[in-house]
Amino acid sequence: MRILVLGGTKFLGRHTVDVALARGHEVTMFNRGQTRPDLFPDVEKLRGDRDGDFASLAGRSFDAVVDTSGFVPRIVAETLDALGDVGHYTFVSTISVYADLSTPPTESSPLADDGEYGGLKARCEEVVRERFPQAFIPRPGLIVGPWDPTGRFTDWPERLADGGRELAPAPPRAETP
């Protein structure tokens, strides 16, 4: 399968490329070439920018596209406009698209409708579905693991692995002194 990964060198995209290659797929990455440009030396790299520079995609076709980084509806729409023949589209969204997370959401829960991250991702989903009604659009919660550039979760396990005393919240029913 010929797979185009938008990005592919930072975090989730990097894992996507690793798995696709391990399964024997032909992978092409489209990115600016600014983050780890030497990563995956045997993978075709198309240079460009999702904010207006799609020349390297001209005349290309792919069996599948994996978009792990789109969050501005205009840029997602322009990316879709620039793509040639594509069989399948995967758009990694977020649980943040739901308007209310005070209770566990379902597929029919109302979506955020604001200019914040969740609302933008919800609008990106709409843009993708307009062109690819059968697109795969997972809505994961916090994604963590190797090469996560945010440190938003890995700080805890790394500190715990170092051993020693660690400050942690008390159990919900604990008495306070």
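A pocket here is an open set of grid points where a 1.4 Å probe fits, with protein on both sides within 12 Å along at least five of seven lines. Keep that in mind for the third stop. The model is predicted.

**Whole chain**

Start with the C-alpha trace. Along its principal axes the trace spans about 70 × 40 × 30 Å. Colour by secondary structure next. Read from the N terminus, their order is β-α-β-β-β-α-β-α-α. Now colour by accessibility. Of the 177 residues in the chain, 36% are buried.

**The sheet**

Select the five strands. They form an open sheet, ordered S3-S2-S1-S4-S5, with parallel pairing. Go to the edges: S3 (44–47) and S5 each have a single partner strand, so one side of each lacks a neighbour in the sheet. On average, neighbouring strands are turned by 25 degrees against each other, direction ignored.

Zoom in on S4 (residues 61–67) and S5 (residues 85–91). Six bridges join this parallel pair. Show two of the residue pairs. Val65 has Tyr89 in S5 as its bridge partner. Asp67 stands opposite Phe91, also in S5.

Together S4, H2 and S5 make a β-α-β unit, and the unit is right-handed.

**The largest pocket**

The largest pocket has a volume of about 1,100 Å³. Which residues are the closest to its centre? Select Lys10, Thr68, Ser69, Gly70 and Phe71; these hold that place among the 39 residues of the lining. Then highlight H1 (12–22), S2 (26–31), H2 and H3 (117–131). Each of these elements gives two or more residues to the lining.

Colour the lining by residue class. The lining divides into 17 polar, 14 nonpolar and eight charged residues.

**Trp147**

Finish in the loop between H3 and helix H4 (155–162), and select Trp147 there. Is Trp147 buried, partly exposed or exposed? Its relative accessibility is 36%, so Trp147 counts as partly exposed; that class lies between the cut-offs of 20% and 50%.

Last, draw a distance from Trp147 to Gly84. These residues are 63 apart along the chain, and their C-alpha atoms are separated by 31 Å.

Technical notes. Residues numbered from 1 in each chain as written. Predicted model: local features only at pLDDT ≥ 70, side-chain atom pairs only at ≥ 80, totals over all residues. Heavy atoms only, no water. Pairing = 2+ DSSP bridges. Helix = DSSP H or I, 4+ residues; strand = E, 2+ residues; numbered from the N terminus. Right-handed = clockwise from strand over helix to strand, strands pointing away. Axes fitted to C-alpha atoms, helices over the stretch in contact; angles between N-to-C directions. 1 Å grid on protein atoms, 1.4 Å probe; cavity = no way out; pocket = protein on both sides within 12 Å on 5 of 7 lines; lining within 4 Å. Points joined across faces, edges and corners; volume = space filled by probe spheres on them. Nonpolar A, V, L, I, M, F, W, Y, C, P; charged D, E, K, R; others polar. Buried < 20%, exposed > 50% of the residue type's maximum accessible area, 1.4 Å probe, protein only.
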